[in-house]
Amino acid sequence: MDGLYMRWCVELAHKAAGHTSPNPMVGCVIVRDGRVVSEGFHPKAGRPHADVFALRDAGDLAENATAYVSLEPCNHYGRTPPCTVAFINTKVKDVVVGMTDPNPIVAFKGIERLKSAGIDVRLCAEEEASCRKLNEAYIHRMLTGKAFVTFRTTLSMNGIVVNKSGSTSDQPGGYYSQLLKEYDGVIVSSNFAKTNTLPISHEAGAKQPLYIIMAQGEDSQLNIPFIKEGSAPEAVVLTDSPISVEPAGIEVLVLDRMNLESILQLLAQRGLCNVLVDFREAGGDISSLLNNFQEAKLLQKVLVELLPIWTVSQGPCDLAFGGNQSFPLNDMEHKEVNGCVLLEGYV
Ligand code: AOF
Ligand code: ZN
């Protein structure tokens with residue numbers, strides 16, 4: 001039954017997708033005499049941890065119960081007190097964890113603390129991979145100090161980049177609208193920002209991502225409609241040459257746009273765990289930007305949405321990184337949503 005309860009924890013944790021950064025998504029269920037007596041998930045950084053919600057809700061029923069938690073319980077005083085103490089005080093019998101915490105302040109210390117208090121602790125090996133996948137961006141940020149990068153594009157059946165927003169995928173309930181809800185930031189080129197509306201999630205309760213606009217050359221004067229109108233969403237413009245007039249409400253950072261490593265470090269320091277590179281332009285500046293991400297080994301994941309359309313092409317498709325070179329993708333998954341095929345793989 002461990003696997004079943006742990007999958008339940010992962011599902012609960014995922015309810016807060018897009019809201020927890022820089023902290024992880026975590027879910028917890030308390031089971032006594034074969035019955036789930038309570039559940040909890042971590043809703044937002046700074047709020048109580050998943051285990052605390054579940055233990056509060058269980059009350060006296062937590063005594064002698066088994067707690068399932070998708071991440072090793074913390075053992076430190078941070079924004080909230082240690083969860084290990086809550087488990088010890090409520091006298092749970094055993095704790096099943098989905099994965100150890102990569103956070104060096106917590107790693108293995110939470111488990112050790114519980115064990116030394118006489119609580120049985122075991123890892124749910126069956127669901128460790130799903131727990132890791134749930135928090136792949138949190139883990140990456142914790143281990144590398146950089147934001148996790150996903151490249152996303154939309155292709156027609158004949159492999160041409162579909163360069164427009166407004167497809168069913170962007171609508172409420174659509175794949176892209178749901179995907180955006182899970183990202184802390186979206187990187188677009190200033191070219192894209194000039195000619196398209198910025199992608200937003202239409203899902204209930206979604207927090208919109210931070211827009212990271214890569215400007216260069218003449219674009220650095222920020223001739224972008226929403227900036228000129230002063231109706232800006234939360235956005236940061238990265239530019240390699242200083243601009244004459246700083247637009248109201250928009251942060252402009254002068255950074256070498258080729259130094260992607262420092263850009264991703266900066267985003268991680270701002271609390272972003274993951275960023276999506278929205279690739280909707282064949283050729284153009286974002287194409288070379290993607291080359292750079294890949295070459296610098298700063299790209300972690302690729303998402304491709306294959307639309308049920310055939311594009312009458314004006315020119316060759318420019319999707320290749322570094323000419324004819326290719327690199328393999330691992331752990332490929334695919335599914336079908338509203339007639340589109342979604343492909344996902346890891347670099
Ligand atoms: C969470 N929610 O359910 C668990 C976390 O800043 P704090 O005090 O909230 O501590 C954040 C750290 O606590 C986080 O990096 C992770 O190591 C640990 N566990 N965090 O926000 C949770 N279990
Ligand atoms: Zn905790």
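Two strands count as paired if DSSP finds at least two bridges between them. In this predicted model, strand 13 (residues 330-337) and strand 14 (residues 340-346) are joined by 6 bridges and run antiparallel. Within this pair, histidine 334 stands opposite leucine 343 of strand 14. The two strands form a hairpin with 2 residues between them, and asparagine 338 of this hairpin has a positive phi near 45°. Of the 8 residues of strand 13, the number buried is 0, so the strand lies largely in the open. A residue would need 20 or more other C-beta atoms within 10 Å of its own to count as buried.

The domain assignment divides the chain into domain 1 (2-135) and domain 2 (145-346). Their contact takes 5 residues from domain 1 and 8 residues from domain 2. On the side of domain 1 that touches domain 2 there are 2 nonpolar and 3 polar residues, with no charged ones.

According to an unreviewed UniProt entry, residues 1-122 carry the annotation "domain: CMP/dCMP-type deaminase". In the model, the C-alpha atoms at the ends of residues 1-122 lie 13 Å apart, and the span is 31% helix and 20% strand.

Ligand 1 has 15 residues around it, of which Asn23, Val26, His49, Gly78 and Asn103 come nearest. The table gives the classes in this shell.

| Class in the shell around ligand 1 | Number of residues |
|---|---|
| Nonpolar | 7 residues |
| Polar | 6 residues |

Notes:
Residues numbered from 1 in each chain as written. Chains lettered and ligands numbered in written order. Predicted model: local features only at pLDDT ≥ 70, side-chain atom pairs only at ≥ 80, totals over all residues. Near = placed C-beta within 6 Å. Nonpolar A, V, L, I, M, F, W, Y, C, P; charged D, E, K, R; others polar. UniProt positions renumbered as here; feature names shortened; annotations may be inferred. Helix = DSSP H or I, 4+ residues; strand = E, 2+ residues; numbered from the N terminus. Domains from an automatic or database assignment. Contact = placed C-beta atoms within 7 Å. Buried ≥ 20, exposed ≤ 12 C-beta atoms within 10 Å, placed from the backbone.
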